[in-house]
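Here is a short report on one protein model.

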Amino acid sequence: MSLRLSTVILPYRRWHEGTRAAWTRAEELGFHTGYTYDHLSWRSFRDGPWFGAVPTLTAAAAVTDRMRLGTLVTSPNFRHPVTLAKELITLDDISGGRVTLGIGAGGTGFDATALGQEPWTPRERADRFAEFVPLLDRLLSEDSVSYEGDFYAAHEARNIPGCVQRPRLPFAVAATGPRGLRLAARHGQAWVTTGDPRLFESGTPEQSVHAIRGQAEKLADACAELGRDVTELDKILLTGFTPDRSRPLESLNAFVDFAGRHAELGFTEIVIHWPIPDSDFAADEKVFERIAMEAPAQLR
């Protein structure tokens, strides 16, 4: 399988002040999927403009025809499975069945307290995620769902006519811990990683590759426990959070080398950030576009 190249377009600008143009250009450049972050605000962008993921993807669906669309990632921090399922079914319908749901356990950022709650502990996040994903799976697959859990409930929640994609739109589950990897193995059509965050500041690219190889091996073990072939899952690397940082986008050759090393680990999709000036995602736009147009052919 050829390595697919995708991009993530952060929703930090008004639609008519550059965001629409980025989405249409992403399709022109041939990206497999255009993702966006699903946060209420995020890191250094907190005090500036930041727009909602689902409305942004809905608008993107209206101005694109072929490129898949998705979140990297949605989490339980401020989402409820019942309302999220309704929005996703609507988005899948509007896009003609082009949606992938990237989903993760969430973190301790601004989303974790925006609704007035105390930040959940890692154990609490894992517990909620373990309930969130299976319930969302049912809500997107069944016409009517009733459920009473420790954290979430649904009472005859109707989702007719369901997703355009059958039995439901695909899940790309972000996980590195054992419980999350088991969720990816059981419910995912893809697995997402950003690498090992402990290596970001002082690790080396070689250490990062070793750590990611270990994550992939643990995913294979989780699949084996369920009797599932790990090759059934796509493996997605969201770049920008390994010790390489932005260096893979400095030249076509640098990117092909970076992507090739991760393709050897079994990754089927590499996601790069759309350039944002004066940020951690700054990059030369001409080099970025050259990577988009030329790298996939070199990685077949």
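## Overall build

The protein has eight helices and 10 strands. Helices (H or I, at least four residues) and strands (E, at least two) are DSSP runs, numbered from the N terminus. This is a predicted model: local features need pLDDT of at least 70, side-chain atom pairs count only at pLDDT 80 or more, and totals for chains, interfaces and linings use all residues. Residues are numbered from 1 along each chain as its sequence is written, and side-chain values use heavy atoms, with hydrogens and water left out.

Along the principal axes, the C-alpha atoms fill a box of roughly 55 × 45 × 40 Å.

Of the 300 residues, 52% count as buried. Buried means under 20% relative accessible area, exposed means over 50%, and partly exposed lies in between (1.4 Å probe, protein chains only). The protein exposes about 14,000 Å², and carbon and sulfur atoms supply 49% of that area. Accessible areas come from the Shrake-Rupley method with a 1.4 Å probe; for residues, only the protein chains shown count as cover.

A contact means heavy atoms within 4.5 Å. Among contacts with a separation of 6 or more, 75% join residues 24 or more positions apart.

## Charges and salt bridges

The protein has 33 positive and 40 negative charges, and their mean positions are 1 Å apart. Lys and Arg count as positive, Asp and Glu as negative; His and the chain ends are not counted. Each charge is placed at NZ of Lys, CZ of Arg, CG of Asp or CD of Glu.

How many salt bridges does the count come to? The count is 18. A salt bridge here is a side-chain nitrogen of Lys or Arg within 4 Å of a carboxyl oxygen of Asp or Glu.

| Salt bridge | Closest N and O atoms |
|---|---|
| Arginine 79 and glutamate 87 | 3.3 Å |
| Aspartate 127 and arginine 123 | 3.5 Å |
| Aspartate 244 and arginine 261 | 3.8 Å |

Arginine 79 is buried at 16% relative accessibility. Glutamate 87 is partly exposed at 33%.

Aspartate 127 and arginine 123 both lie in helix α4 (residues 122-141). They sit four residues apart, about one turn of the helix. Aspartate 127 is partly exposed, at 22%, whereas arginine 123 is exposed, at 59%.

Aspartate 244 forms its salt bridge with arginine 261. Aspartate 244 lies in the loop between β9 (234-238) and α7 (252-263) and arginine 261 lies in helix α7, so the pair ties together parts that are 17 residues apart in sequence. Aspartate 244 is buried, at 5%. Arginine 261 is partly exposed, at 26%.

Some salt bridges join into a network. Arg4, Asp234 and Glu269 are linked in this way.

## Glycine 104

Is glycine 104 buried or exposed? Glycine 104 is buried, with a relative accessible area of 3%. Its place is in the loop between β4 (99-103) and α4. Leaving aside residues up to four places away in sequence, glycine 104 touches Val73, Thr74, Ser75, Pro76, Phe129 and Ala174. Glycine 104 and alanine 190 are 86 residues apart in sequence and 12 Å apart in space, C-alpha to C-alpha.
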